[in-house]
Amino acid sequence: MPELRHSALQVLLLTDPAEKVCQIKQLFDDYHQQRVELNPAALIHFDGLVLPGRPEKPELVPPQKAPKRSMSTPEGRVRLLHSLAHIEFNALNLALDALARFSKMPQQYYEDWLKVAKEEAYHFSLIEKHLHSLGSSYGALTAHNSLWEMVERTSDQVIARMALVPRTMEARGLDAVPAIRDRFIQIKDHAVVDILDIILRDEVGHVLIGNQWFNYLCSKDKLSPITTYRELARKYCAPVLRGPFNFEARERAGFTAEELDILKEAVPA
């Protein structure tokens, strides 16, 4: 019987986005129909692999060289949607990587990240379909790669990955999506509004999963979550968090009152 973590790595290596989306859904179904087994202790070899599998386009550029994503023109809105598609493509890849890379975690950990991969793949397919309706597609424009760069930096420790990818990099989506949604409401693009509602709903759950496993690992090793997060953010050069913050969504995503108070102190009066 195929093994879940090995299978996730094979999907992660796929370069065609449409095929990857299809294979993620198939892997999710196969696992839950007991056609794939899980071995948390399986030895997975990552040496020499070029990850993630990605198409030749989009061209990746440094964040500072990425064009502005103005909402004032149709071209600017397409660029914004392309950027969101790239974020979701990286997010489905990071979920597969979290599933495949880290061994000897509880069964629920792997099931959580398989679920995240499926939902991120769905988000990507929704945005890609809308881009097609606007005469564009994923890969037509440039994109930056800061999310995946943090995935690469945290490949050595599961606690660092949980601290700095879902609950730092992805949590920024909880802050950013409502404002983007409001702009699309203003221009009466209800199709995009519906997509963003789905993304925000699911991303709360994804950040919650990151918070739960980060806190599990801290508790297991008797570590202070606040102190440990600060140390990991410094060690792995995580971006400094700046407001505005979506405190309501962050609370639903599992951030503690103490963590939210720290963020509130970072918001200028």
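Is Arg-172 buried or partly exposed? At 29% relative accessibility, Arg-172 counts as partly exposed, where buried means under 20% relative accessible area, exposed over 50% and partly exposed in between (1.4 Å probe, protein chains only). This tour concerns a predicted model, in which local features need pLDDT of at least 70 and side-chain atom pairs count only at pLDDT 80 or more, while totals for chains, interfaces and linings use all residues. Residues are numbered from 1 along each chain as its sequence is written, and side-chain values use heavy atoms, with hydrogens and water left out.

Side chains of opposite charge can pair when their charged atoms come close. Both Arg-172 and Asp-175 belong to helix α6 (residues 158-186), 3 residues apart, which is about one turn of the helix. Helices (H or I, at least four residues) are DSSP runs, numbered from the N terminus.

Asp-175 is buried, its relative accessible area being 12%. Arg-250 counts as buried, at 1% relative accessibility.

**Second stop: helix α4**

Select Lys-115 and Glu-119, whose side chains meet in a salt bridge of 3.0 Å, N to O. The two residues are 4 residues apart in helix α4 (residues 107-133), so about one helical turn separates them. Glu-119 counts as buried at 17% relative accessibility, whereas Lys-115 counts as partly exposed at 39%.

Move along to His-130, also in helix α4. His-130 is buried, with a relative accessible area of 12%. Which residues does His-130 touch? Leaving aside residues up to four places away in sequence, they are Leu-81, Asp-189, Ala-191, Val-192 and Ile-195; contact means heavy atoms within 4.5 Å.

Select Asp-97, Arg-101 and Arg-161, which are linked in a network of salt bridges. The structure holds 11 salt bridges.

Colour helix α7 (residues 190-220) and helix α8 (residues 225-235), which pack at an angle of about 105° with their axes 10 Å apart. Axes are lines fitted to C-alpha atoms, for helices over the stretch in contact, and angles run from 0 to 180 degrees between N-to-C directions. The helices α7 and α8 are therefore roughly perpendicular to each other, a term for angles of 65 to 115 degrees.

To view the contact, select Phe-214, Asn-215 and Cys-218 of α7 together with Pro-225, Thr-228, Tyr-229 and Leu-232 of α8.

**Last stop: two cysteines**

How many disulfides does a search of the whole structure find? The search finds 0, a disulfide being a pair of cysteine sulfur atoms within 2.5 Å. Cys-218 is in no disulfide, and its nearest cysteine sulfur, that of Cys-237, is 19 Å away. That distance of 19 Å between the sulfurs of Cys-237 and Cys-218 is too far for a bond. Cys-218 is buried, with a relative accessible area of 1%, whereas Cys-237 is exposed, with 55%.

Conventions:
Parallel < 35°, antiparallel > 145°, perpendicular 65-115°, else oblique. Salt bridge = Lys/Arg side-chain N within 4 Å of Asp/Glu carboxyl O.
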